[in-house]
Amino acid sequence: MEKIGNGQKTFDYKLVRGIWTRLEGPENVLDLMDTGIEGVIAVIRDAGATFLSPIFDELSGVICTEGTIRSHIGIVSREFQIPGIIAAELSNEPENGTEIILDGTGPDGQIYLAV
């Protein structure tokens, strides 16, 4: 596995595989609702974003590049028990559709390319 990032994990969780899917707003969520959410790890910028609400409980994971674990996305991630990494620092941003792994077993959350 190639590490591509890390950040604050929202809670302790085991390895989770999913598909990197960058979401910028409600239009992207509506598109996912039409095409399917299974296996999606949503990648967003705004830790206060609420546009994920209609699909949050169906996500395999969430990565946010801003905020803290006390931000809206961190709180909702814990409440729904959806693996999350907040304030993610990325060394490499994969293309949408790339399979990735979230690792919440250590002190920080880790993001890997699934190889």
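Arg-45 is partly exposed, at a relative accessible area of 46%; here buried denotes under 20% relative accessible area, exposed over 50%, and partly exposed the range in between, with a 1.4 Å probe and protein chains only. The structure is a predicted model, in which local features need pLDDT of at least 70 and side-chain atom pairs count only at pLDDT 80 or more, whereas totals for chains, interfaces and linings use all residues. Residues are numbered from 1 along each chain as its sequence is written, and side-chain values use heavy atoms, with hydrogens and water left out.

The side chain of Arg-45 meets that of Glu-24 in a salt bridge of 2.3 Å, N to O. This pair links distant parts of the chain, Glu-24 lying in the loop between S2 and H1 and Arg-45 in the loop between S3 and S4, 21 residues apart. Glu-24 is likewise partly exposed, with a relative accessible area of 44%. A salt bridge is defined as a side-chain nitrogen of Lys or Arg within 4 Å of a carboxyl oxygen of Asp or Glu, and helices (H or I, at least four residues) and strands (E, at least two) are DSSP runs numbered from the N terminus. Side chains of opposite charge can pair when their charged atoms come close.

The structure holds 4 salt bridges. One of them joins the side chains of Arg-22 and Glu-93 at 2.8 Å, N to O. Distant parts of the chain are linked by this pair, with Arg-22 in strand S2 (residues 13-22) and Glu-93 in the loop between strand S5 (84-90) and strand S6 (99-104), 71 residues apart. Arg-22 counts as buried at 17% relative accessibility, and Glu-93 as partly exposed at 41%. Another salt bridge, of 2.4 Å, N to O, is formed by the side chains of Asp-12 and Lys-9. Asp-12 is exposed, with a relative accessible area of 60%, while Lys-9 is buried at 15%.

Lys-9 belongs to strand S1 (residues 2-9). A polar atom of its side chain lies 3.2 Å from the backbone oxygen of Gly-104, and a polar atom of the Lys-9 side chain lies 2.3 Å from the backbone oxygen of Gly-106. Leaving aside neighbours within four places in sequence, Lys-9 is in contact (heavy atoms within 4.5 Å) with residues including Ile-69, Gly-84, Thr-105, Pro-107 and Asp-108.

The strands form a closed barrel of 7 members in the order S1-S5-S4-S3-S2-S6-S7, with mixed pairing; two strands pair if DSSP finds at least two bridges between them. The twist averages 35° from one strand to the next, where axes are lines fitted to C-alpha atoms, for helices over the stretch in contact, and angles run from 0 to 180 degrees between N-to-C directions. Strands of a sheet pair through backbone hydrogen bonds, either parallel or antiparallel. S1 and S7 run antiparallel and are joined by 5 bridges. S6 and S7 are paired in the antiparallel sense over 4 bridges and form a hairpin with 4 residues between them. Within S7, Leu-113 is the bridge partner of Ile-100.

S7 is mostly covered, 5 of its 5 residues being buried. Gly-109, Ile-111 and Leu-113 point one way from this strand, and Gln-110 and Tyr-112 the other way. Gln-110, in S7 (residues 109-113), counts as buried at 14% relative accessibility. Opposite Gln-110 stand Asp-103 and Asn-6. The side chains of Gln-110 and Lys-3 are joined by a polar contact of 2.8 Å, that is, a pair of N or O atoms within 3.5 Å, of which, within protein, one must be able to donate a hydrogen and the other to accept it, residues adjacent in sequence counting only if both atoms are side-chain atoms. Beyond four places in sequence, the contacts of Gln-110 also include Gly-5, Ile-85, Ile-101 and Leu-102.

The largest nonpolar core has 20 residues, and those with the most contacts inside it are Leu-23, Ile-44, Leu-52, Ile-55, Phe-56, Leu-59 and Ile-73. Such a core is a set of buried Ala, Val, Leu, Ile, Met, Phe, Trp, Tyr and Cys residues joined through side-chain atoms within 4.5 Å. At least two residues of this core are supplied by each of helix H1 (26-35), strand S3 (40-44), strand S4 (61-64) and helix H2 (72-80), and its largest share, 3 residues, comes from S3. Apart from this core lies another, of 14 residues, among them Ile-41, Ala-88, Leu-102 and Ile-111.
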